[in-house]
Every structure is written in C-alpha cells, then in structure tokens.
Amino acid sequence: SSQTKFAPAFRAGKLSVSPTYSPPSCLNTSCLRLSFHLQSNLVATCGADSTVQLFDLAQQRQLSTLTGHTKKVTAAVWGTNSCLVTASNDKTVRFWQHTAADADGNASDNGYGSWACGVVGSEHSGEVRGLALHPSGQYVVSVSEDATWAWWDVAAGSCLKQV
C-alpha cells in the first residue's frame, strides 16, 4: 500500500511540504489527534497506545515519548511557556513541562530538554474527550463523558471551576 510522506520545512514562518519524510507515530501506530506548537517546530501526537509523541518538524525527528496516561490520549493543546496539556480516556488531564537543561545544567536534546508530567488533574469521573485552549494560552477547558467541563489554569495545572 502507498503511504503519504512529507517533509516539513519552515520558510518565512510557513510550513512547506514535500514527499520525503514519514512521521513514525502517525503512520506506524494509531494517531488519534495532533497539536502544532504555534511558536516553534514542535508537534505532539495523541496515541491510541496511551502515549504522546513529540516531534521537531524542522529537524524531522522524534524528540520524546511521554508516558503516564493509561488509556487512549484523546487531545493535546500547547499552553503558555510551552506547557503541553493532554487528555485521555483514563479520565485525567495531564500538564507536561519541559526543562531546557539536564541536572548538570547542560542543554540536552537540542535545547528541548526533558519532559515531565507536573500535574495530573482527575476532576472528571468519565473519559476526557477534548480540550480547548483559551486565546490567551493561559487557560484550557476539558470536556468529559461525565457531562461536565472543567476550566484549568495552565501554569498552575489547577482546576478553577467544573460545571
């Protein structure tokens, strides 16, 4: 079977596509969603395998695989300070932060450093199906099968209100 391949390159702030690169998480596993970082070359994919994979599109390489969710990852959005927020069928919302240096202060992974889940939000009693980012990038809203939505502060990873 024929697979579509693409090679992203950033020129004057725009993404151009040519037939040379296959992002592994979208072609070799079940990728449910993806989210582009608006101010960098990063993209996050949401996997049916409960992982989030981070890619640098300009360098055409995978940076990291984020683990912690126990069921399908259903959504991802990038908040302020490159905080990545993910939602899952495991009924949680996770807030991922990166460090640009390792424990010794050395830049690692070409400046992207390592990623860790700083907060796990478990306000929902049903599977979390989606996320919406406020235009300021400071807040995110999650929606769940429990018929509620929750308003989150991205920087603090705290639930401000659940309705």
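The legends below describe close-up views of a predicted model. Local features are given at pLDDT of at least 70 and side-chain atom pairs at pLDDT 80 or more, while totals for chains, interfaces and linings use all residues. Residues are numbered from 1 along each chain as its sequence is written, and side-chain values use heavy atoms, with hydrogens and water left out.

**View A. Lining of the largest pocket.** The largest pocket has a volume of about 230 Å³. Among its 14 lining residues, Leu38, Trp78, Gly79, Thr80 and Leu133 are the closest to the centre. The lining comprises 5 nonpolar residues, 9 polar residues and no charged ones. (A pocket is an open set of points on a 1 Å grid over the protein atoms alone, where a 1.4 Å probe fits, with protein on both sides within 12 Å along at least five of seven lines; lining residues have an atom within 4 Å of a point. The volume is the space filled by probe spheres set on the points, which are joined across faces, edges and corners. Ala, Val, Leu, Ile, Met, Phe, Trp, Tyr, Cys and Pro count as nonpolar, Asp, Glu, Lys and Arg as charged, and the others, including Gly, as polar.)

**View B. Aromatic pair of Phe95 and Trp152.** The whole structure contains 3 aromatic pairs (ring centres of Phe, Tyr or the six-membered ring of Trp within 6.5 Å). One of them joins Phe95 and Trp152, with 5.5 Å between centres and 55° between planes, and is tilted (under 30 degrees is stacked, over 60 edge-to-face, the rest tilted). Phe95 belongs to strand S9 (residues 93–99) and Trp152 to strand S13 (residues 149–153), so the pair links parts of the chain 57 residues apart (strands are DSSP runs of E, at least two residues, numbered from the N terminus). Both Phe95 and Trp152 are buried (under 20% relative accessible area with a 1.4 Å probe, protein chains only; exposed is over 50%, partly exposed in between).

**View C. Side chain of His37 and backbone of Gln39.** His37 sits in the loop between strand S3 (31–36) and strand S4 (42–47). Its relative accessibility of 10% makes His37 buried. A polar atom of the His37 side chain lies 3.0 Å from the backbone nitrogen of Gln39.

**View D. Thr148 and His124.** Thr148 is placed in the loop between strand S12 (139–144) and S13, and is buried at 17% relative accessibility. The side chains of Thr148 and His124 make a polar contact at 3.0 Å (N or O atoms within 3.5 Å, one able to donate a hydrogen and the other to accept it; residues adjacent in sequence count only if both atoms are side-chain atoms).

Notes
Helices (H or I, at least four residues) and strands (E, at least two) are DSSP runs, numbered from the N terminus.
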